[in-house]
Amino acid sequence: MSTVRFEGIARHFGPVRALLPTDLDIPQGEFLTLLGPSGSGKTTLLNICAGYLEPSAGRLIVDGRDVTAAPPRLRNMGMVFQNYALFPHMTVAENVAYGLKVRNVPRAELSRRVDEALRLVRLEGYGGRAIRQLSGGQQQRVALARAMVIEPAILLMDEPLGALDRQLRKEVQLEIRRLHLARPRTSIYVTHDQEEALVMSDRIAVMRGGRIVQIGSGADLYERPVDTFVARFLGESNLIEGRVEAIADGRARLAVPGLSAPIEGRAAAGLAVGAVASALIRPEAIRAAAGGIEAGVIERVYLGEIVALRLRLDGGHEVWSRRFAGEVPAGDRIAIGWDAGAVSILPPAEAV
Amino acid sequence: MSGAGGTSKGAAAALMAPALLVVAIVFLAPLVRLFAMSFEAKAGPMATYLEVLGDPIYRHVFVNTFVVSATVTVVAIAIAYPTAFALTRIGPAWRTLLFACVLFPLWISVLVRTFSWMLLLERNGPINRALVGSGLIDQPLSLLFNRTGVLIGMVQVLLPYAVLPIYAAVLRIDPALIRASEGLGASRLRTFLSVLLPLSMRGVATAATFVFLLALGFFITPALLGGPASMTLSMLIDSLVNERLDWPLAAAASMVLMVAALIVVGLAGRFVSVRAIAEAHR
Amino acid sequence: MSGRVWLYGFVALTAAYLVLPIMAVVPAAFSAQSFIKLPPDAWSLRWWTAFAADASWRRTLVTSLQVAGLTTVVAALAGTAAALGIDRCGPRLKLLFGALFLGPVVTPVIVIAVALYAMARAAGLVGTLTALVLAHTMLALPYVVLNVGVSLGGLDRRLLLAAAGLGAGPWRIFRTVTLPLIAPGVIGGAVFAFVTSFDEVVLSIFLSGPTVKTLPVRIWEEIRVEYTPLVAVAATIMLTLALLAALVSRLMTKRAAT
């Protein structure tokens with residue numbers, strides 16, 4: 001278990017700046033997720049941490065030691081690759097044992113630790129199998145066992161669930177979370193799937209255009225996104241654009257063309273009076289309210305216990321509302337409202 | 001991802017060094033030396049080339065080499081195309097068998113294959129005896145030590161090199177296109193001419209280049225199956241070295257052959273990569 | 001439908017034309033007569049015993065096997081190393097070195113033979129094992145480089161990163177991951193190198209001497225004068241060995257495929 005510190009780490013490929021100078025501190029035992037669309041720099045950051053990629057600038061400090069120039073094999077990091085990268089010519093046990101053999105672990109201890117690792121990922125008895133005999137989910141767990149058995153200082157995971165089907169993904173997410181809680185170990189997890197990030201992480205760093213846009217717990221990001229990009233990336237969101245009328249005491253008022261009343265909400269950093277901004281209202285915050293804003297129901301989508309409504313406000317704006325099936329009013333027109341406490345006024349995302 | 005490689009440039013050079021050394025010493029250096037030798041005739045630096053290109057006897061050898069190579073190429077393609085086409089159409093078991101028949105000869109030494117033809121094509125060999133015995137002909141045909149023998153043998157030896165590239169090309173054609181053409185009312189011939197042939201032209205070009213290139217420099221088969229009247233360039237080079245001991249002239253003739261081969265490769269380079277040629281070799 | 005029959009008939013004829021004539025040397029080798037007649041009027045093994053009893057023929061076979069064996073080792077080692085080296089180069093150098101190693105494939109063999117002969121004469125190497133092995137290695141290298149190159153192309157690079165991440169150094173990664181995974185290419189290339197050398201005639205004709213002479217060169221010398229069932233025996237031996245190599249190669253590719 002270790003602390004990791006990125007100091008001004010940057011990387012460019014020719015003229016392409018894949019990662020802008022980035023500072024990041026990861027305390028011991030934290031499960032941090034790098035969340036972002038493809039090309040946001042998250043995999044670059046991970047590969048720099050593993051030593052597969054040299055940074056163009058900056059330093060990487062692990063446990064107070066500068067490892068920027070250390071080759072991957074001396075870093076003691078466990079990496080789980082997208083599509084697993086299991087050695088196809090070795091059995092399950094040989095795959096898991098590889099890192100231990102490299103470390104000259106005595107035979108008895110080696111087989112004990114391999115068995116333990118396989119038990120941990122619930123694959124006891126699979127040691128003698130060939131890799132191609134395993135399902136995708138099982139392969140994924142072998143990859144996890146192989147990375148964890150060497151007791152890595154840091155566990156790195158590069159979209160490890162990308163190749164699994166939806167149902168299996170959910171199971172393995174919880175499995176990884178369970179393993180982490182049982183033995184907390186400093187982990188960096190890369191994904192573009194917000195649900196994965198929310199389920200597993202202590203903290204999430206949202207990346208875009210080669211930099212970290214916001215970092216915080218899932219609740220932080222969901223409830224207090226710094227801009228419209230983060231708001232869109234995590235969870236469902238209604239964003240209504242307008243101009244900032246006033247800012248005071250951490251709250252802002254947004255004038256929206258077509259709406260009779262301004263929208264009020266928590267002011268994010270970086271707002272300026274008169275500038276363009278958006279009001280974020282999560283769909284679950286929008287409910288029927290007598291005397292509220294008049295809206296037409298355009299579409300009803302049945303999602304089981306939840307029903308989603310697409311509504312057109314009289315000003316022409318469209319928003320989604322998600323309510324429990326029992327709370328959804330009938331009819332083509334309803335009056336809606338929301339808590340001012342559930343609204344954020346956000347600056348637009350920076351152009352990339 | 002260079003982090004794992006370390007000093008990868010130095011490592012790459014060190015890894016290639018032994019093979020490069022072999023190629024440099026056993027291939028490049030001798031060729032350069034031969035090139036220099038071609039200018040070392042006593043009669044002056046260009047005398048060898050003037051003689052090789054000017055003498056009617058040598059010109060006859062050039063023409064014969066070209067005619068033999070071209071004929072072999074045309075005949076080989078004509079046989080290879082339907083064979084390659086059939087390979088893509090027959091069932092998997094038959095395909096495996098036919099494929100084995102195409103690849104098998106490549107493993108056998110050209111010398112053994114040519115020797116077998118000598119036994120078969122003899123004046124009193126099994127082919128002539130069968131033909132005479134069946135009453136098709138009165139007198140045994142003269143099949144050996146002339147151009148007929150050379151053609152029969154060379155086409156057989158080079159045929160696999162023609163089948164493989166055409167097969168690869170035909171394989172890439174979507175069978176739905178043929179069904180579409182026939183569904184639109186085209187006859188089989190029309191389908192072949194307007195769909196199949198144009199789409200497999202690259203394969204045919206590769207095959208032709210390949211066969212022609214190999215035929216130009218072929219030595220064993222024409223030397224054993226041909227006669228003095230059907231001398232090819234490679235036989236000429238051999239006799240200049242081993243019988244006339246005229247090294248500068250042999251060197252010049254070699255350079256002419258090499259330039260001819262390079263021209264073929266260069267012309268074909270527009271359709272065919274050298275790599276594809278070598279890969280079909282395997 | 002009749003078009004189909006024609007096609008099949010034609011293909012059967014082609015297959016026969018490709019394969020059957022090659023077999024002609026086999027019955028010739030089992031003749032009881034002192035000359036070759038196909039098929040022989042009487043069968044015997046007398047020419048096989050004659051071959052076995054003839055020290056000079058035996059020596060050529062041993063020389064051929066020696067040259068082919070040494071060529072296989074040298075070409076497999078140097079060719080595999082070269083393929084690994086090319087693999088580490090940038091795309092431009094890859095093309096350049098690829099073309100360089102393919103040079104011997106597109107150059108007419110007679111030209112290489114004459115050039116090598118001139119060089120070997122000057123160096124006093126005509127009629128030595130060294131000259132034959134070097135020459136055959138040069139011919140066999142492209143196939144090893146190509147075969148191993150194809151294997152390397154199919155190698156998942158993340159496996160190497162994974163091994164490095166688990167703490168393995170470059171040599172261990174090569175030994176435990178790269179080599180086992182490219183082994184089919186290396187073995188395939190080695191088998192082809194063996195056959196290339198064992199089957200080779202033209203370079204050998206020029207580089208052989210009275211004492212160091214390969215089997216094909218002896219066959220070549222004999223049949224230019226007169227051919228006896230003894231030569232057919234030698235040719236049948238060559239055929240059989242090449243066939244064995246083809247089978248080995250086929251088994252290897254089959255195993256690699258499963």
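How many residues does the contact take from chain B and from chain C? The contact takes 80 residues from chain B and 84 residues from chain C, where contact means heavy atoms within 4.5 Å.

This is a predicted model, in which local features need pLDDT of at least 70, side-chain atom pairs count only at pLDDT 80 or more, and totals for chains, interfaces and linings use all residues. Residues are numbered from 1 along each chain as its sequence is written, chains are lettered from A and ligands numbered from 1 in the order in which they are written, and side-chain values use heavy atoms, with hydrogens and water left out.

Let us look at chain B. Its secondary structure consists of 14 helices and 0 strands, counted as DSSP runs (H or I, at least four residues, for helices; E, at least two, for strands). Of the 282 residues in chain B, 51% are buried, that is, under 20% relative accessible area with a 1.4 Å probe, protein chains only. Among contacts in chain B with a separation of 6 or more, 72% join residues 24 or more positions apart.

Now the areas, side by side. Accessible area comes from the Shrake-Rupley method with a 1.4 Å probe, and buried area is the accessible area (1.4 Å probe) that two parts lose on being put together, summed over both.

| Area | Value | Share on carbon and sulfur atoms |
|---|---|---|
| Buried between chain B and chain C | about 7400 Å² | 81% |

Across this interface the rule finds 0 salt bridges, a salt bridge being a side-chain nitrogen of Lys or Arg within 4 Å of a carboxyl oxygen of Asp or Glu.

Terms used: Buried means under 20% relative accessible area, exposed over 50%, partly exposed in between (1.4 Å probe, protein chains only).
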